[in-house]
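Trainee: I have a model open and want to learn how to read it. Can you take me through it?

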Amino acid sequence: MTEQDQQTKAQQLRLRRTLWGVAFQVSTALVVFGLYLFEMLPLTPVLIYMVAIALTSASFVTLIRTGRNLRFTDPSMTAAQIVAPLWPAILVMFFVTEPQVRTAFLLTATSGLVFGMFALSRTGMLMLSLVIVGSYLLLLIALSVWAPERIDWRIETILVFAYTAVLVTISYLTSYIAGLRNTLREQNLRLNDLVCRDPLTDLPNRRSLMEQLAQETSRIDRRSTDRQQLCISMLDIDYFKRVNDTWGHDVGDAVLRKVGAILTRSMRKGDFVGRFGGEEFIMILPESSLETATMFAQRICQTIADAHFAELPDGEKITVSQGVTEYLNGEHIDATIKRADDALYEAKHAGRNQIIIKAATTPA
Ligand SMILES: Nc1nc2c(ncn2[C@@H]2O[C@H](COP(=O)(O)OP(=O)(O)OP(=O)(O)O)[C@@H](O)[C@H]2O)c(=O)[nH]1
């Protein structure tokens, strides 16, 4: 999967989560409206609550849809999404006439905090908890000044303690979950490496090469221009069996590693090289004409022929043969590889240490 694809997927996930949050806000707004219908809340805070919730929800969705959230350290805006509905909720809690309803509403309005468990660090969660408890304490102070008849300090003290205990527990659970997520991420990376890398040369393996080719070709096919913009070169080390037979398998392995390293070093940004199997490599050269690809292949042949292989006796050289071809829009990728393989075969038969180029011919 390309970086672009990964980012698109991550943005889709963020948008989905945010829309879940919006759905949750809508349900809290219904509760607020219910409070108004049951005459436990005046109209003005209800309206302010609705407008604030609508504006903040629309802002989060817009930020994700326009990609502006990517500028933030946390593009999911987790803390902001939890805190934003808090103050409109505090306003509702100030005006609500029944203290019991206030308690219930506090739990509803801050239950979004649980989402933070999957995205925030323990410190982040503790800070967020502090903001919530601090805001609630400010609310109690405001109530004791302007509406002391709506507050029972004994109940409120118990509530604040109980709520703080719950928040601290959630924060500690968060660090446990964060640890599990890190382990999972590392294991996924290792697994991905095992599936996609060749352990000897540390280059992408055949599976990875095929995936990359499929991606590049579908990108070209989507653009639907007549010009081929993708070339591949299939490269094979000459007389490699002799290397193994004469100096041993370990030396053969070292030669493979060194050739892999030379190829990696020689790639431009956007090119891709992998080990296709045995002593065969494939180079994928996007945005390259056949002429450019040929020049590149010649440079590679020369670099390898000039390279010093420390594991080989002095004066021993390694050469490679290559079959270069272009991708014909719409053709099956196996057809492109077959053409490169045929060209490589011809290069071997023509005496090795050379390149044969095969242009794609439009099928009749
Ligand atoms: N050391 C080592 N050898 C390998 C590896 N994979 C394949 N080989 C060897 O590569 C050799 C390939 O030999 P051939 O296919 O006969 O080709 P060649 O000797 O290079 O001859 P031409 O390709 O015709 O120039 C075989 O001896 C395989 O055992 C590997 O991972 N390590």
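Mentor: We go through the sheet, the helices, the core and the ligand shell. This is a predicted model: local features need pLDDT of at least 70, side-chain atom pairs count only at pLDDT 80 or more, and totals for chains, interfaces and linings use all residues. Residues are numbered from 1 along each chain as its sequence is written.

Trainee: What order do the strands of the open sheet have?

Mentor: Strands of a sheet pair through backbone hydrogen bonds, either parallel or antiparallel. Two strands pair if DSSP finds at least two bridges between them. Strands (E, at least two residues) and helices (H or I, at least four) are DSSP runs, numbered from the N terminus. Here 5 strands form an open sheet in the order β2-β3-β1-β4-β5, with mixed pairing. β2 and β5 (355-358) stand at the edges with a single partner strand each, so one side of each has no neighbour in the sheet.

Trainee: How many bridges join β1 to β3?

Mentor: There are 7, and the two strands run antiparallel. G277 has E280 in β3 as its bridge partner. β2 and β3 form a hairpin with 2 residues between them. In the turn, G278 has a positive phi of about 45°.

Trainee: Which strands does α11 lie across?

Mentor: α11 lies across β1, β2 and β3, at about 155° to β2. Angles run from 0 to 180 degrees between N-to-C directions, with axes fitted to C-alpha atoms, for helices over the stretch in contact. Contact means C-beta atoms, placed from the backbone, within 7 Å. Helix α13 (333-349) lies across β1, β4 (320-326) and β5, at about 145° to β4.

Trainee: Which residues have the most contacts inside the largest nonpolar core?

Mentor: In soluble globular proteins, nonpolar side chains tend to be buried together. A nonpolar core joins buried Ala, Val, Leu, Ile, Met, Phe, Trp, Tyr and Cys through C-beta atoms within 7 Å. Buried means 20 or more other C-beta atoms within 10 Å of the residue's own. The largest core has 39 residues, and I232, I282, M283 and V324 have the most contacts inside it. β1 gives the largest share, 6 residues.

Trainee: Which residues come nearest to the ligand?

Mentor: A residue is near if its C-beta atom, placed from the backbone, lies within 6 Å of the molecule. Of 17 residues around the ligand, D238, F240, K241, G252 and G278 come nearest. β1 (230-237), α10 (240-247) and α11 (249-266) each supply at least two residues of the shell.

How values were computed. Buried ≥ 20, exposed ≤ 12 C-beta atoms within 10 Å, placed from the backbone. Contact = placed C-beta atoms within 7 Å.
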